[in-house]
Amino acid sequence: MTVNTELVEYISELSRLELQCGEKQDMTAQLEQIIAYMDVLNRLDTQGVEPMSHVFPVKNVLREDDVVPSQDRAALLAGAPVPDGEAFLVPKAVE
């Protein structure tokens, strides 16, 4: 695949980037290098290599769920300025 300034202009338009003339030339060279490297990677022999989703092994770092009783509702509502026994009552914020 050849990268030219028309392709760079098209890609920059799709990505909503405004590139100056010098930047377009730099981007053309950089995209050519990226595509050349992708060609190198495509030539690698990957037979027998198992696909992976992460470079490092993923392990669950979360703790196990423990079912524990919640706080006492009456104790929580004891400090409320205007409790109704079920929830905190607050002034209406939106009309």
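The model is predicted, so local features need pLDDT of at least 70 and side-chain atom pairs pLDDT 80 or more, while totals for chains, interfaces and linings use all residues. Residues are numbered from 1 along each chain as its sequence is written, and side-chain values use heavy atoms, with hydrogens and water left out.

Glutamine 25 belongs to helix H2, where helices are DSSP runs of H or I with at least four residues, numbered from the N terminus. Between the C-alpha atoms of glutamine 25 and threonine 5 the separation is 6.9 Å, although the two are 20 residues apart along the chain.

**H1 against H2**

Helix H1 covers residues 5-14 and helix H2 covers residues 21-42; their axes come within 9 Å and cross at roughly 100°. Axes are lines fitted to C-alpha atoms over the stretch in contact, with angles from 0 to 180 degrees between N-to-C directions. H1 and H2 are therefore roughly perpendicular to each other, a term for angles of 65 to 115 degrees.

On the H1 side, the residues in contact (heavy atoms within 4.5 Å) are Thr5, Val8, Glu9 and Ile11, and on the H2 side they are Lys24, Met27, Thr28 and Leu31. By residue type, this contact of H1 with H2 comprises four nonpolar, two polar and two charged residues.

Leaving aside residues up to four places away in sequence, threonine 28 touches Val3, Asn4, Thr5 and Val8. The side chain of threonine 28 also reaches the backbone oxygen of lysine 24, at 2.7 Å. Glutamate 13 is 15 residues from threonine 28 in sequence, and the C-alpha atoms of the pair are 14 Å apart.

Serine 12 is a residue of helix H1 and counts as buried because its relative accessibility is 8%. A polar atom of the serine 12 side chain lies 2.9 Å from the backbone oxygen of glutamate 9. Apart from residues up to four places away in sequence, serine 12 touches Leu17 and Leu19.

**The loop between H1 and H2**

Arginine 16 sits in the loop between H1 and H2. Its phi is near 55°, a positive value in a residue other than glycine. Most residues other than glycine have a negative phi. Arginine 16 counts as exposed, since its relative accessibility is 78%.

Glutamine 20 is found in the loop between H1 and H2 as well, and at 52% relative accessibility it counts as exposed. From glutamine 20 to leucine 44 the chain runs 24 residues, and the C-alpha to C-alpha distance is 36 Å.

**Salt bridges**

With a salt bridge taken as a side-chain nitrogen of Lys or Arg within 4 Å of a carboxyl oxygen of Asp or Glu, the count comes to two. Glutamate 9 pairs with lysine 24, their closest N and O atoms being 3.4 Å apart. Glutamate 9 lies in helix H1 and lysine 24 in helix H2, so this pair ties together parts that are 15 residues apart in sequence.

Arginine 73 pairs with glutamate 86, with 3.0 Å between the closest N and O atoms. Since arginine 73 lies in helix H3 (residues 73-77) and glutamate 86 in the segment after H3, the pair ties together parts that are 13 residues apart in sequence.

| Residue | Relative accessibility and class |
|---|---|
| Glutamate 9 | 37%, partly exposed |
| Lysine 24 | 21%, partly exposed |
| Arginine 73 | 45%, partly exposed |
| Glutamate 86 | 56%, exposed |

Definitions and conventions. Helix = DSSP H or I, 4+ residues; strand = E, 2+ residues; numbered from the N terminus. Parallel < 35°, antiparallel > 145°, perpendicular 65-115°, else oblique. Nonpolar A, V, L, I, M, F, W, Y, C, P; charged D, E, K, R; others polar. Buried < 20%, exposed > 50% of the residue type's maximum accessible area, 1.4 Å probe, protein only. Polar contact = N/O pair within 3.5 Å; in protein donor to acceptor, adjacent residues only side chain to side chain.
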